[in-house]
There are 8 protein chains.
Amino acid sequence: MKKVLIVLGSDSDLKVMRASTEVLARFGVPYELRIASAHRTPALAHELIATARERGFGAIIAAAGKAAHLAGVLASGTTLPVIGVPIKSSTLDGLDALLSTVQMPKGIPVATVAIDGADNAALLAVQMLAIEDKTLADKLYEYKKDMEKAVMEKDKAAVEGTL
Amino acid sequence: MKKVLIVLGSDSDLKVMRASTEVLARFGVPYELRIASAHRTPALAHELIATARERGFGAIIAAAGKAAHLAGVLASGTTLPVIGVPIKSSTLDGLDALLSTVQMPKGIPVATVAIDGADNAALLAVQMLAIEDKTLADKLYEYKKDMEKAVMEKDKAAVEGTL
Amino acid sequence: MKKVLIVLGSDSDLKVMRASTEVLARFGVPYELRIASAHRTPALAHELIATARERGFGAIIAAAGKAAHLAGVLASGTTLPVIGVPIKSSTLDGLDALLSTVQMPKGIPVATVAIDGADNAALLAVQMLAIEDKTLADKLYEYKKDMEKAVMEKDKAAVEGTL
Amino acid sequence: MKKVLIVLGSDSDLKVMRASTEVLARFGVPYELRIASAHRTPALAHELIATARERGFGAIIAAAGKAAHLAGVLASGTTLPVIGVPIKSSTLDGLDALLSTVQMPKGIPVATVAIDGADNAALLAVQMLAIEDKTLADKLYEYKKDMEKAVMEKDKAAVEGTL
Amino acid sequence: MKKVLIVLGSDSDLKVMRASTEVLARFGVPYELRIASAHRTPALAHELIATARERGFGAIIAAAGKAAHLAGVLASGTTLPVIGVPIKSSTLDGLDALLSTVQMPKGIPVATVAIDGADNAALLAVQMLAIEDKTLADKLYEYKKDMEKAVMEKDKAAVEGTL
Amino acid sequence: MKKVLIVLGSDSDLKVMRASTEVLARFGVPYELRIASAHRTPALAHELIATARERGFGAIIAAAGKAAHLAGVLASGTTLPVIGVPIKSSTLDGLDALLSTVQMPKGIPVATVAIDGADNAALLAVQMLAIEDKTLADKLYEYKKDMEKAVMEKDKAAVEGTL
Amino acid sequence: MKKVLIVLGSDSDLKVMRASTEVLARFGVPYELRIASAHRTPALAHELIATARERGFGAIIAAAGKAAHLAGVLASGTTLPVIGVPIKSSTLDGLDALLSTVQMPKGIPVATVAIDGADNAALLAVQMLAIEDKTLADKLYEYKKDMEKAVMEKDKAAVEGTL
Amino acid sequence: MKKVLIVLGSDSDLKVMRASTEVLARFGVPYELRIASAHRTPALAHELIATARERGFGAIIAAAGKAAHLAGVLASGTTLPVIGVPIKSSTLDGLDALLSTVQMPKGIPVATVAIDGADNAALLAVQMLAIEDKTLADKLYEYKKDMEKAVMEKDKAAVEGTL
């Protein structure tokens, strides 16, 4: 199975991004977690992405805050899909990271998820790997069913007045 | 080869979204273009997405403006990755469509591209299909090289003062 | 008397939305509180709304955060008026939910109230039911008078310097 | 049948608000169109709203731009539901009118629709009147079916390549 | 000397607006503090403003949050200058109150100060009263000098490294 | 009678600000129109404001776009009230000028009107001068009556269907 | 004299950025104009910046729109100051480019000027080169004097009523 | 070596701006820290900037919040480069200070860094002084290498699972 490469712009993003590793673990999708800044370690970022396909990765997740360039910089160096997670920082409530991640110019897409959307980034990666993988697709279907069940139980509690 | 399903919330989005079909055509990726509104034709939207995987689609592109729910509604009905294109309308400069598309709750990701980013939506779909397809990945690599060449020619013109 | 159907996208919205049930209780308007996600339980959402009129509901209140599609999805499935409450979440201060709820395309209105405006959503529902119900309208008039009295007592305290 | 009272803050809003009168006419719902500014003619605005219920109105539509206070001022004077249409003006792309209309304090709801959403305001008014009116509700159902048909024809054209 | 009328949309605004009364007290400018909501007590608001000039007021300060209509409603009922203080509430960081206060349509100005700018609202009122009052103008000059002195002492501390 | 000093940050603001001079002329209030940039001619700006009171001015109007510092700089140099008009420029729709004008720190208020609100700036200046001037206050009252009449004629036309 | 390196993310930025070359020419500061995209030609961008200091450049100007990463990417590769010009594109009025350029993380500053502020970018570069260059500093002083004179002539025209 | 002049609009900005002095100290760049408000002590601000070049300063750092005019006012009085630090205050999350600092009109640039970006302001000042100073440029290079090393150690920990 293809692996997922998770790159954090800073180790301070780990608190939010643990949700990504947990989702991937739940689906049994192997991943590698790396710290590489687009600005502080451009060489490392470049090396990580240049070798990603040959090292068996199928999708990239990049998380960064403020003027979040990491996802874009990684996307420029690969033909693999890159998923961007805008991280909320101490000012502007994450809007800066969102716009810096999603408003990519023509030719270099970044698949952007919600601000601090670490869980959805991982799910999106799993969906990508599941395009050709029936077993993984079935797990995603089960995951959906589990979500549905959880909501329906809450709804049942609401109906019964035990919420 | 897996196909790409392009769903427009309204035929008025076609002007912007032609760029998606052109990119897919360039890469030789088969696609189906459909009009289905999350709100006006929920049954059609549901049917399109419920059968998407079995009908041979590998990725979905959904385009909508204003309170753009289409991508989210499609994402809720499939385990395939859904790419959302926020369409700019006559007020708020596309910010409403962007936030309505990207800020999806946990469990239902939408891979969001830039406002009116039809070309990048198609490229992202191609990247997803190319995860397991070496030939397509090579075409993406060539596409990158062509973009690079085009910029470098402009740069050469700048250096020679003929821009 | 017609009932009010309150649908929450998540049970975490209940904390804010208790204000809706309290207002309805004060006016003696019967209501049903349900949990149904537009994305996680589309079938439940669809079923709830499809049968709403025949089950005796006269107005719907839908509460959701982030890319808040619930009100729109419900509105697409009924000819009853749907009131949307945008819920503030951890990023963007509620702006995402507001725009996702209010900027509905032509044909599918959502009667949107303020971010976290659970009390006003219920009042609006009561106003709708009171269009043809003189007794309920009188209660609304009393409610207005009570509000007025409360402010005037505060003003009196201000004048007397005992605020 | 109850009538709908449409109040414009300025006659310059008429261009946008014609869509409201057209929708009401289509549904055979009687309406009265008035010009009354919350700030320039507060007495007129007050008189219009104070007598609205007894004069046979069931719902109010108020349209205003910039610091749009009209809907709120009317809502303060009636127990009928008031629908607010934020009108886009020459600066800030309608955001000022949207926030001034929707962010109403506790006790005085305004049912807000999209910026320049004149058609949806009228549909919402019809929905309110149709709560107790089976014939009108059936017309709304037909309207929904017509919308659905129109989209499905566009979709058929898309499938046939004749869009 | 003319007095200043301070009107709060809610007694919860008092915490912020105490700064206004303190500044007026410092300048020896008499004031009256009232609670009157544009929406909950329109009659009280109207009466307060209609008699303001004859009761000896020279300037009005109005404070309100969210869709802050109070300043505009008061301004519509007087030829006295009305100063608006947008109050920050629990969502949108005060932007809604700012736009609702400042973006007044032609004919009805509101002299808007910063979000939560209670002190500056009072200073502005004093400046208005001081247009024709040499003694008050001199006090304002002294106030400026005091501010200047306070900053210069901080600067001296900075230079001496004792900050 | 006290005069009004109108200061434009650039002669390109004149197109918008003509509305100020027209309103002042209508009220017979003498004014002086000057061009002085806070940044390009700080000395001129300083001189204009330092002598404003002694030269017979009672209120200042300052208009500037982008990072609009002019009103604040003038306010720092006088005890007269300064009215700020944020001018919309080619980017950000006037939001930059609005925030730069209105969000003044404690001690230096600027009475801010709407973006491009030249007419209201002049009306506000007249209101300030009319605090102690019964004749001018009466003219303002007439102005209000004229506005009211104009709206009521439009309303009459609406009622008669001749709008 | 040190030169200024101007890098455009796309040749479409040239229309705005001509103002930079004109200002530099006016000051007799040599410059090189290059086209290099952070995403399409990362190698070219890297090479340009890696050799900038040794090739005699003293300051860099980088212009880009949307998710404008160019200035940040260049700044990561040099110890020279990098000036960023956010370019307005077809959506969001330049806000995306502004935030992507200015909100740089700790360690990699970008000296950001106004949206489309090509002239000021060049002036800032000249100011940097003039820190140690008395002749250039004198030219900047003359430039300031010329600006001042131009405004004062406009002011004279305003005073004489010939504007 | 040229010195850096740091000017704070208020001593309350010191908490954020300590990071500037720490960075300058690390690089051995002499600085002077002053408190001077554009509005409360315009004379002091003017004097500080008018003598800055002759007193041996090579770059200015100005920090202010809300309608942050300080950097612009200083820039208008010198030919030295002025670096602006927008300070986040209690409302609007720093957006007001950012726009007031960066959106400077033609002719008076301010080199703006991120909201609360005190460290980057100092680094930018060092970069400016290092244009002609090989030793300082080498220190900047070492600083970059240290940052790189720190990230790579974090990355090593991530690879080893000891993060």
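Biologist: Let's start with two helices: which hand does the crossing of H1(F) and H5(F) have?
Modeller: Heads-up, this is a predicted model: local features need pLDDT of at least 70, side-chain atom pairs count only at pLDDT 80 or more, totals for chains, interfaces and linings use all residues, and side-chain values use heavy atoms, leaving out hydrogens and water. A crossing is left-handed if the near helix is turned anticlockwise from the far one by less than a right angle, and right-handed if clockwise. The crossing of H1(F) and H5(F) is right-handed.

Biologist: At what angle do the axes of H1 and H5 of chain F cross?
Modeller: Residues are numbered from 1 along each chain as its sequence is written, while chains are lettered from A and ligands numbered from 1 in the order in which they are written. Helices (H or I, at least four residues) and strands (E, at least two) are DSSP runs, numbered from the N terminus. Axes are lines fitted to C-alpha atoms, for helices over the stretch in contact, and angles run from 0 to 180 degrees between N-to-C directions. H1 (residues 14–26) and H5 (residues 118–129) of chain F have axes that come within 7 Å, crossing at roughly 35°.

Biologist: How many residues in the contact of H1(F) with H5(F) are nonpolar?
Modeller: Contact means heavy atoms within 4.5 Å, and the residues that meet include Val16(F) in H1(F) and Leu123(F) in H5(F). Ala, Val, Leu, Ile, Met, Phe, Trp, Tyr, Cys and Pro count as nonpolar, Asp, Glu, Lys and Arg as charged, and the others, Gly among them, as polar. Besides one polar and one charged residue, the nonpolar count is 10.

Biologist: Now to chains B and A: how much area do they bury between them?
Modeller: There, 42 residues of chain B touch 42 of chain A. Buried area is the accessible area (1.4 Å probe) that two parts lose on being put together, summed over both. Carbon and sulfur atoms carry 61% of the total, which is about 3,500 Å².

Biologist: Which element gives the most residues to the side of chain B that touches chain A?
Modeller: Chain B and chain A have 23 residue pairs in polar contact (both at pLDDT 80 or more); that's a pair of N or O atoms within 3.5 Å, where within protein one must be able to donate a hydrogen and the other to accept it, and residues adjacent in sequence count only if both atoms are side-chain atoms. Among the elements giving two or more residues are H4 (95–102) and H6 (134–160) of chain B. With seven residues, the top contributor is H5(B).

Biologist: And which residue of chain E does Asp11(H) pair with in a salt bridge?
Modeller: A salt bridge is a side-chain nitrogen of Lys or Arg within 4 Å of a carboxyl oxygen of Asp or Glu. Chain H and chain E have two across their interface. With its closest N and O atoms 3.1 Å apart, the partner of Asp11(H) is Lys154(E).
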